[in-house]
Amino acid sequence: MEVKAYANHAADKPFEPYSFTRREPGPEDVAIDIKYCGICHSDIHTARSEWGPAFYPCVPGHEIVGVVKSVGSDVTKFSVGDTVGVGCMVDSCRTCPSCQQGLEQYCDNGFTSTYNNTFNNKVKDDGYTKGGYSTHIVVDERFVLRVPENLELQAVAPLLCAGITTYSPLKHAGVKKGDRVAILGLGGLGHMGVKLAASFGAEVTVLSRSPGKREDAERLGASNFLLTTDDDEVAKHSEYFDFILDTVSAPHDLAQAMGMIKREGKLLMVGASDKPLDLNVFPLIFKRRSVMGSLIGGIPETQEMLDHCGKHGIVSDIELIKADYINEAYERVLKSDVKYRFVIDCASF
Ligand code: NAP
Ligand code: ZN
Ligand code: ZN
């Protein structure tokens, strides 16, 4: 299947039109017409080889929504015309303890990411996977999600990464009604973290270095906004939060966040800075605080998150763009100038 896409050909090269061939759908595969694809900061880290050398041409995109175009003979979960999503994974070993518990993101043999991955021979498109900055994709039905019909499709796309990446740690950490939860960094992940934590009944505070985002915090579901550059405000919130969900994409001061966490509270790390962060152990030791990392979410939990969003009417706040705006969108994400996720209209490829 010939698909139109956008790719960059080296870490320092811009995105440009590109076409390639997807594998022919097998018996367990679903072929999807991609309608919309979100731009995650991980796309930028990868396309620019910030997390290690990428494969080029690089076609990122793991916040994919679309419509089923055809199904293989053994597919049972989906039919032609269904509205579906694909997130960060398109395969895993399926047999290890993590896979058997529906935690494919922690697959002992390494899951197959939607783009820039060579692990599994089945999903190769010319040697490595290529993602959703394209018109079509072929995915095994086990890694395809049902999208609730009541949500606006273009605004659903970011749920497939930003949504599940914030839902999973909040759930796993046990965030519940009345907990004081802070979301550090109000970008794509952060704004979903605010909406989801609020939907669990938490008292949500945004921790941001961008004063221009203050007025959005309440609309997104937060009851408070704290400017991290305001030392007085930070001091007033010493040992205040049960949880801080850290979504920051670059090196930053963990000590400031740690000081705002209560005794036995948790710092939940999802932001994936390309450089190591300094962690002073004394604030951990003296208040029995802990730090937890979390990677996206498994397939069953991703479906649970989508159903939760359907029930509560939760979608992403997006700026819909055409493919030829991807390079400018990347620059704006790097300047924290997006409210709050760019989504590509895939009809524009
Ligand atoms: P994003 O939209 O760019 O948001 C990141 C936010 O962090 C910015 O809006 C900004 O918020 C804040 N920030 C950025 N640079 C900063 C700096 N130098 N110091 C302090 N704050 C800074 O990115 P995203 O798409 O939400 O992704 C966030 C991070 O999560 C990325 O590293 C991404 O790769 C990673 N990620 C991880 C997973 C996972 O499974 N763990 C999944 C997806 C993405 P303010 O303007 O409010 O300060
Ligand atoms: Zn992502
Ligand atoms: Zn596995």
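Biologist: Is Cys 40 buried or exposed?
Modeller: This is a predicted model, and in it Cys 40 has a relative accessible area of 3%. Buried means under 20%, so Cys 40 counts as buried.

Biologist: What is the relative accessibility of His 62?
Modeller: The cut-off for buried is under 20%. His 62 counts as buried, because its relative accessibility is 7%.

Biologist: What is the geometry at the site of the zinc ion (ligand 3)?
Modeller: Cys 93, Cys 96, Cys 99 and Cys 107 coordinate this ion through their SG atoms, at 2.3 to 2.4 Å. The angles among the 4 donor atoms are 103 to 119°. Four donors count as tetrahedral if all angles lie between 85 and 135 degrees, so the site of the zinc ion (ligand 3) is tetrahedral.

Biologist: How are the donor residues of the zinc ion (ligand 3) spaced in sequence?
Modeller: Here the donors are Cys 93, Cys 96, Cys 99 and Cys 107. Both Cys 96 and Cys 99 are buried. In sequence, the donor residues are spaced C-x2-C-x2-C-x7-C.

Biologist: Which residue is joined to Pro 57 by a cis peptide bond?
Modeller: Most peptide bonds are trans. Pro 57 lies in the loop between helix H1 and strand E4. The cis bond there has an omega of about 0°, and the partner of Pro 57 is Tyr 56.

Biologist: What is omega for the peptide bond from Lys 339 to Tyr 340?
Modeller: Find Tyr 340 in the loop between helix H11 and strand E17. The bond from Lys 339 to Tyr 340 is cis, with omega near -15°.

Biologist: What is the phi of Ile 296?
Modeller: Most residues other than glycine have a negative phi. Ile 296 lies in the loop between strand E15 and helix H10, and Ile 296 is buried, with a relative accessible area of 8%. The phi of Ile 296 is positive, near 25°.

Key. Residues are numbered from 1 along each chain as its sequence is written. Chains are lettered from A and ligands numbered from 1 in the order in which they are written. This is a predicted model: local features need pLDDT of at least 70, side-chain atom pairs count only at pLDDT 80 or more; totals for chains, interfaces and linings use all residues. Side-chain values use heavy atoms; hydrogens and water are left out. Helices (H or I, at least four residues) and strands (E, at least two) are DSSP runs, numbered from the N terminus. Buried means under 20% relative accessible area, exposed over 50%, partly exposed in between (1.4 Å probe, protein chains only). Donors are N, O and S atoms within 2.8 Å of the metal (3.2 Å for Na, K and Ca); water is not among the atoms, so sites may look incomplete. Four donors count as tetrahedral if all angles lie between 85 and 135 degrees; four count as square planar and six as octahedral if opposite donors are over 155 degrees apart and all others between 65 and 115; anything else is irregular.
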